[in-house]
Amino acid sequence: MGCFGGSIQASMSASEVGNRADVNLDGRVDLHDAARLSEKWLLRQDLLREDLDRNGEVDGADIFYLGQNWLWQEFEQYIPSL
Ligand SMILES: [Ca+2]
Ligand SMILES: [Ca+2]
């Protein structure tokens with residue numbers, strides 16, 4: 001448990017399963033997540049999923065984080081052999 005253990009922030013730690021950039025929790029980082037960020041663009045509020053770097057605002061740093069994780073997938077796609 002980190003410094004936020006037992007608090008509401010504990011559920012938003014960097015060690016959570018998956019990828020923070022996967023805002024809609026569908027197992028990949030793509031345009032759907034970018035759309036979620038655009039809906040909350042420049043919104044200042046604590047504990048927003050779209051605030052990827054957890055600085056209290058949905059801003060350019062979050063777009064940068066999304067870009068670094070672009071096309072991430074939770075599971076490898078099944079590619080059948082020929
Ligand atoms: Ca997603
Ligand atoms: Ca942010």
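Modeller: Happy to! A residue is called buried when 20 or more other C-beta atoms lie within 10 Å of its own, and exposed when there are 12 or fewer. In this predicted model, buried residues make up 17% of the 82 residues in the protein. The secondary structure consists of 2 helices and 0 strands.

Helix 1 covers residues 31-39 and helix 2 covers residues 60-68; their axes lie 11 Å apart, at an angle of about 175°. Angles over 145 degrees count as roughly antiparallel, so helix 1 and helix 2 are roughly antiparallel to each other. On the helix 1 side, the contact is made by D33, A34 and L37, and these meet D62, I63 and L66 of helix 2. Sorted by type, the residues of this contact come out as 4 nonpolar, no polar and 2 charged.

Now for the loop. L43 has its place between helix 1 and helix 2. With 14 other C-beta atoms within 10 Å, L43 is partly exposed, because that count falls between the cut-offs for exposed and buried. Setting aside neighbours within four places in sequence, L43 is in contact with L48 and V58. L43 and V58 are 15 residues apart in sequence, yet their C-alpha atoms are 5.6 Å apart in space.

Finally, a look at the whole chain: of the contacts between residues at least 6 apart in sequence, 41% join residues at least 24 apart.

Technical notes:
Residues are numbered from 1 along each chain as its sequence is written. Chains are lettered from A and ligands numbered from 1 in the order in which they are written. This is a predicted model: local features need pLDDT of at least 70, side-chain atom pairs count only at pLDDT 80 or more; totals for chains, interfaces and linings use all residues. Axes are lines fitted to C-alpha atoms, for helices over the stretch in contact, and angles run from 0 to 180 degrees between N-to-C directions. Helices (H or I, at least four residues) and strands (E, at least two) are DSSP runs, numbered from the N terminus. Angles under 35 degrees count as roughly parallel, over 145 as roughly antiparallel, 65 to 115 as roughly perpendicular and the rest as oblique. Two residues are in contact if their C-beta atoms, placed from the backbone, lie within 7 Å. Ala, Val, Leu, Ile, Met, Phe, Trp, Tyr, Cys and Pro count as nonpolar, Asp, Glu, Lys and Arg as charged, and the others, Gly among them, as polar.
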